[in-house]
Amino acid sequence: MTPIPETMTAIGIAAPGGPEVLRPETRPVPRPGPGQILVALAAASVNRPDVLQRQGGYNPPPGASDIPGLEIAGTVVARGEGAERFALGEQVCGLVAGGGYAQYAVVHESNALPAPHGLSLIEAGAIPETFFTVWTNIFQRGRLEAGESFLVHGGSSGIGTTAIQLAKAFGATVLATAGSADKCEACRALGADHAINYRSEDFVAVAKAATEGRGVNLILDMVGGDYIDRNYEAAADQGRIVQIAFLNGPKATANFSRLMLKRLTHTGSTLRPRTVAEKAVIAAELQEKVWPLLEAGRCKPLIHATFPLAQAAEAHRLMESSAHIGKIVLTV
Ligand SMILES: NC(=O)c1ccc[n+]([C@@H]2O[C@H](COP(=O)([O-])OP(=O)(O)OC[C@H]3O[C@@H](n4cnc5c(N)ncnc54)[C@H](OP(=O)(O)O)[C@@H]3O)[C@@H](O)[C@H]2O)c1
């Protein structure tokens, strides 16, 4: 195995600001602590929270690297004390609380998973952040069951493209909103039963029409703002709404009587600050329930574009344009 160097190239955030503040820097190669593995990266994906971090609005949790990047894939090159789950040389993907935009990253072995057979390391690097987020919010918090109806806003996002595939694979009727005809077509191609162009259609009306007036059982929302009131309207009796972001703002005026009269549950969560142990529970459920689907080709991350690590700024520009459908990946 190639010796591990003392230093590596990583992408730092020079100061809060636009994509141009993302710059290649020389940093020490991190050393794996107890239970951690050191991974020589092949890929690290870009996620919208990285954009927020770059802008100064989403600081890493205590103890996490200040280097952006929440998901990685590559080869195990060193193991910390007690880390025995993966062998040296094994290909893995993993969820990190920071440090992904780099040549090497450490991840706790319980927050890593074997790279799925049949997928490239670029595809594997586009899995953890979105699949962990979708799994915990749709199935753990949202309690989605086969036969129920599910609406995801931002259907063409990294999160949305994953949510459509998993909800469909687990037997739900899937509705997705997106901002163009092309994005709606992509949602349908991934398995959405109804794709709603929110610029020309009212998602509440479509949700009602698609469910014979009952409304949808579960909504995964990243938009917030005026969608909060409209989600209450689109939800079925005893519906659940899970909030994962507020692209249109966290403040809203809503008719809360619907919450009461329909016995709705409105909840939300973030993934990054959760403990290693909490993330390990999600990883174990993914390995049991979702890895077989990935390895059978029944779902896969949709890769929109790849950029070399040094062009992370370009990758952020693309994400902020919202022209992409699916994931944007940095190759190392
Ligand atoms: N809570 C958590 O644990 C967690 C974890 C990961 C990600 N997230 C959040 O989930 C969301 C999706 O993440 P991602 O990485 O999949 O992002 P992404 O691929 O960049 O997708 C965001 C999409 O949202 C749509 N959108 C709707 N309203 C928008 C607005 N006001 N501004 C910009 N885009 C808007 C855009 O498509 P249209 O053309 O359809 O508008 C855009 O493509 C982000 O908000 C992210 O912060 C939350």
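1. Which element supplies the largest share of the lining of the largest pocket? It is α3, with four residues. Helices here are DSSP runs of H or I with at least four residues, strands are E runs of at least two, and both are numbered from the N terminus.

2. A word on the basis: this is a predicted model, where local features need pLDDT of at least 70, side-chain atom pairs count only at pLDDT 80 or more, and totals for chains, interfaces and linings use all residues. Residues are numbered from 1 along each chain as its sequence is written, and side-chain values use heavy atoms, without hydrogens and water.

3. The largest pocket holds about 1100 Å³ of space. Among its 42 lining residues, Arg48, Ser157, Met222, Ala245 and Leu247 are the closest to the centre. A lining residue has an atom within 4 Å of a point on the 1 Å grid, probed at 1.4 Å; a pocket is an open set of such points with protein on both sides within 12 Å along at least five of seven lines.

4. At least two lining residues come from each of α1 (48-55), α3 (128-141), α4 (158-169), β9 (173-178) and α11 (312-321). By class, the lining has 17 nonpolar, 19 polar and six charged residues.

5. Elsewhere, the axes of α6 (residues 203-210) and α7 (residues 227-234) come within 9 Å and cross at roughly 15°. That makes the two helices roughly parallel (angles under 35 degrees). Phe203, Val204, Ala207 and Lys208 of α6 meet Tyr227, Arg230, Asn231, Glu233 and Ala234 of α7, with contact meaning heavy atoms within 4.5 Å.

Methods. Axes are lines fitted to C-alpha atoms, for helices over the stretch in contact, and angles run from 0 to 180 degrees between N-to-C directions. Angles under 35 degrees count as roughly parallel, over 145 as roughly antiparallel, 65 to 115 as roughly perpendicular and the rest as oblique. Grid points are joined across faces, edges and corners, and a volume is the space filled by probe spheres set on the points. Ala, Val, Leu, Ile, Met, Phe, Trp, Tyr, Cys and Pro count as nonpolar, Asp, Glu, Lys and Arg as charged, and the others, Gly among them, as polar.
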